[in-house]
Amino acid sequence: MAYKTIIVEVDDHVALIKLNRPDALNALNSQLLEELGRALRDAEANEKVRCIVITGSEKAFAAGADIKEMSEKSFVDAFTSDLFGPESNAIERIRKPIIAAVSGYALGGGCELAMMCDFIIASDTAKFGQPEVNLGVLAGLGGTQRLTRFVGKSKSMEMHLTGRFMDAEEAERSGLVSRVVPAKKLMEEAMSAAQKITEKSLLSTMAVKEAVNRSYETTLREGTLHERRLFHALFASEDKAEGMSAFLDKREAQFRDK
Ligand code: HXC
């Protein structure tokens with residue numbers, strides 16, 4: 001089914017998902033979140049896709065959950081439908097690498113969506129924030145948990161309690177984003193990073209994603225054991241044989257995801 005609130009292009013093994021509600025600064029309404037989940041599931045199932053990039057417009061990655069839509073919901077509506085629960089699970093379940101390319105506002109659910117991606121490349125115009133406190137609520141897509149892990153308690157607490165925005169320079173300094181690039185080069189840089197990922201074995205990149213994410217969930221001992229077992233498992237792959245032979249033969253590896 002066609003999408004109305006996002007634009008999806010698959011090219012050169014990269015699925016580019018562009019959030020597209022320009023009149024509302026890409027506010028995340030239920031339709032957009034449903035379409036995003038569907039596009040991510042399609043990309044996961046599409047054998048051609050080896051990396052996913054999520055982006056917004058120059059002015060806004062996403063200015064948060066749709067406040068108009070939320071304003072009409074009661075506690076009973078939110079609780080019984082588990083508002084944002086299924087959407088959040090749908091994104092977390094994706095095993096292929098996802099890059100967030102962020103320009104302009106990434107606020108509330110927008111900041112949380114970016115943090116659910118595997119890494120964030122930001123333009124120098126990016127602004128991150130969790131201003132839900134101004135609406136009488138708090139983050140609902142993992143912001144209190146993820147931002148704290150990214151930037152530490154003090155900064156996270158200040159941002160959640162005061163609603164202060166963080167600019168791109170501070171976001172890089174604090175470890176929220178992997179790097180900052182000039183706004184005009186954002187998509188070129190994000191697609192180039194995605195391209196590099198597509199050249200690896202998908203077995204390796206999926207294992208990397210799983211192992212790094214495990215570091216949030218478990219102890220150091222369990223996490224390193226899990227990593228080591230994945231490492232051992234990849235010794236059974238043809239791509240491990242190809243990668244190591246290619247190095248020794250001084251040639252480019254040709255991975256086949258086997
Ligand atoms: C619905 C929104 C919106 C939002 C902007 N718009 N953000 N609509 N939900 N989150 C709409 C505005 O109403 C306006 O529509 C149009 O987009 C342009 O926005 P302006 O405010 O006129 O733009 P500007 O003056 O440049 O200010 C930009 C802004 C401001 C600073 C980003 O829009 C803003 O503060 N937005 C809300 C940010 C926020 O509180 N986010 C957290 C949401 S709660 P009209 O029709 O008037 O032109 C949340 C909960 C997370 O995310 C839970 C899990 C998902």
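Because the model is predicted, local features need pLDDT of at least 70 and side-chain atom pairs count only at pLDDT 80 or more, whereas totals for chains, interfaces and linings use all residues. Residues are numbered from 1 along each chain as its sequence is written. The protein chain has a mean pLDDT (the predictor's confidence in each residue, from 0 to 100) of 97, and 100% of its residues reach 70 or more. The model scores are ipTM 0.98 and pTM 0.98.

The domain assignment, whose bounds come from an automatic or database source, gives domain 1 (6-198) and domain 2 (202-249). Their C-alpha centres lie 27 Å apart. Seven residues from domain 1 and six residues from domain 2 make the contact, where two residues are in contact if their C-beta atoms, placed from the backbone, lie within 7 Å. On the side of domain 1 that touches domain 2, two residues are nonpolar, none are polar and five are charged. In this classification Ala, Val, Leu, Ile, Met, Phe, Trp, Tyr, Cys and Pro count as nonpolar, Asp, Glu, Lys and Arg as charged, and the others, Gly among them, as polar.

Next come the sheets. Helices (H or I, at least four residues) and strands (E, at least two) are DSSP runs, numbered from the N terminus, and two strands pair if DSSP finds at least two bridges between them. Six strands form an open sheet with mixed pairing, in the order β1-β2-β3-β5-β7-β10. Its edge strands, β1 (6-11) and β10 (179-181), each pair on one side only. Neighbouring strands of this sheet are turned by 20° against each other on average, direction ignored; axes are lines fitted to C-alpha atoms, for helices over the stretch in contact, and angles run from 0 to 180 degrees between N-to-C directions. Strand β7 (residues 119-123) runs parallel to β10, and three bridges join them; I121 has R179 in β10 as its bridge partner. Helix α1 (residues 30-45) lies across β1, β2 (14-19) and β3 (51-55), running at about 10° to β1.

Another open sheet, also of mixed pairing, has four strands in the order β4-β6-β8-β9. Here β4 (60-62) and β9 (166-167) are the edge strands, each pairing on one side only. Three bridges join β6 to the parallel strand β8 (residues 127-129), and Y105 has K127 in β8 as its bridge partner. Helix α5 packs on this sheet, touching β4, β6 and β8, and its direction makes about 90° with that of β6.

Finally, the ligand has 22 residues around it, of which A27, G64, G108, G109 and G140 come nearest; a residue is near a molecule or strand if its C-beta atom, placed from the backbone, lies within 6 Å of it. Two or more residues of this shell come from each of α2 (67-71), β6 (105-107) and α5 (109-116). The shell divides into 14 nonpolar, four polar and four charged residues.
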